[in-house]
Amino acid sequence: MREKFEQEHGTPESLPNNKKQEQREKTRDFLLNYSLYIVLGILILIIIIIEPSFLSLQNLTNILSQASTRAIMALGAAGLIVLQGTDLSAGRVLGLSAVVGASLLQDPNFPSRMYADLPQLPIIVPLLVTLAIGAIFGLINGFGVAVLRVHAFIITLGTQLIAYGLSLIYIDRPPLGAQPIGSLDSRYTSVVRGSFKIGVFELPYLVLYAAIISVIMWVVWNKTKLGKNMFAIGGNMEAAEVSGVKVVKNIMIVFLISGLLYGLAGYLEAARIGSVTSNTGLNYDLDAISASVIGGVSFSGGVGTIPGVLIGTLILQVINYGLTFIGVNPYLQFIIRGLIIIIAVSLDVRKYIKRK
């Protein structure tokens with residue numbers, strides 16, 4: 001009886017060592033799961049210590065506004081990461097959508113309008129145009145991945161360059177050359193930049209739009225057959241296909257949704273910043289990928305949550321805004337953001353290895 005107990009639980013002398021080993025494993029697991037949040041939390045704390053005025057309501061409003069369009073884009077990119085893919089074209093598709101949308105909604109009295117003879121359009125018409133642009137690129141990416149079996153990295157790298165080239169061609173106006181598109185219609189800017197008061201706090205409309213999209217995407221991910229299939233394909237595509245999931249169809253739909261979200265984000269971003277150029281959207285795709293991974297969406301596929309993506313987006317935006325606020329060199333900010341991506345993906349890989 002005693003021999004059986006010792007085989008299962010160890011000898012009395014080994015019990016303290018077993019507890020120590022168990023405690024070490026728990027500590028290691030905790031650091032593995034939360035070390036990135038600890039590092040980012042320390043970075044935010046340093047920003048606050050250097051400049052306590054960072055914690056003002058105005059800064060919070062600015063951060064939420066900036067995070068809103070990026071959150072909408074990140075929700076699209078996150079679905080592709082769940083599929084074990086990625087999207088390098090997201091920022092440029094957003095930029096192209098922003099350029100086209102803004103050009104159709106310039107102030108009618110602005111003497112340098114891109115389309116001088118264009119009548120004043122209902123603001124929903126350019127919105128539909130930008131959604132169509134995003135949808136087209138989403139379908140191209142989806143077709144490349146699902147039908148042609150091209151890796152998402154390659155197909156989206158190609159469409160990134162195509163979208164950027166189209167933006168350059170679109171805003172190039174001889175003999176003046178490429179010109180920023182500004183002086184936007186007041187109807188457009190008020191719908192996007194407006195806010196409503198909650199006590200002393202002004203909540204931007206952009207936050208409301210991002211919240212509505214987030215709720216819709218949460219329902220899609222968690223309460224629909226598409227969401228179930230998306231996680232199944234990301235977890236094991238072969239197993240999903242054998243079990244009857246229409247892999248090509250579902251991948252195409254997920255890419256289509258991502259494109260629509262990029263188009264919407266571009267439409268909103270143009271009005272938020274007030275003036276767009278061919279550089280609008282530059283590196284936004286990296287922010288979307290970073291936010292997704294920080295929020296727990298795994299490159300190993302089949303893992304991710306909508307709240308996680310939103311939290312990741314907000315954390316990343318707080319850091320980006322905070323570094324600028326305290327006057328950190330913009331070039332150094334690129335290095336810091338690059339390190340965040342490396343750490344986030346490295347930890348994600350470690351988690352995947354541990355699960356295996």
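**View 1. Lining of the largest cavity.** Leu 75, Gly 76, Gly 79, Met 217, Val 220, Trp 221, Leu 226, Gly 227, Met 230, Val 254, Ile 257 and Ser 258 form the lining of the largest cavity, a cavity being a set of points on a 1 Å grid over the protein atoms alone where a 1.4 Å probe fits but cannot get out, with lining residues having an atom within 4 Å of a point. Two or more lining residues come from each of helix H3 (57-82), helix H8 (205-223), helix H9 (225-235) and helix H11 (247-273); helices are DSSP runs (H or I, at least four residues) numbered from the N terminus. The volume of the largest cavity is about 70 Å³. The model is predicted, with local features needing pLDDT of at least 70 and side-chain atom pairs pLDDT 80 or more, while totals for chains, interfaces and linings use all residues. Residues are numbered from 1 along each chain as its sequence is written, and side-chain values use heavy atoms, without hydrogens and water.

**View 2. Lining of the second largest cavity.** This cavity holds about 60 Å³ of space. Its lining includes Arg 70, Tyr 284, Asp 287 and Gln 317. H3, helix H12 (284-294) and helix H13 (306-325) each give two or more residues to the lining of the second largest cavity.

**View 3. Packing of helices H4 and H6.** Helix H4 (residues 90-103) and helix H6 (residues 152-171) pack at an angle of about 25 degrees, their axes 8 Å apart; axes are lines fitted to C-alpha atoms over the stretch in contact, and angles run from 0 to 180 degrees between N-to-C directions. H4 and H6 are therefore roughly parallel (angles under 35 degrees).

How values were computed. Parallel < 35°, antiparallel > 145°, perpendicular 65-115°, else oblique. 1 Å grid on protein atoms, 1.4 Å probe; cavity = no way out; pocket = protein on both sides within 12 Å on 5 of 7 lines; lining within 4 Å. Points joined across faces, edges and corners; volume = space filled by probe spheres on them.
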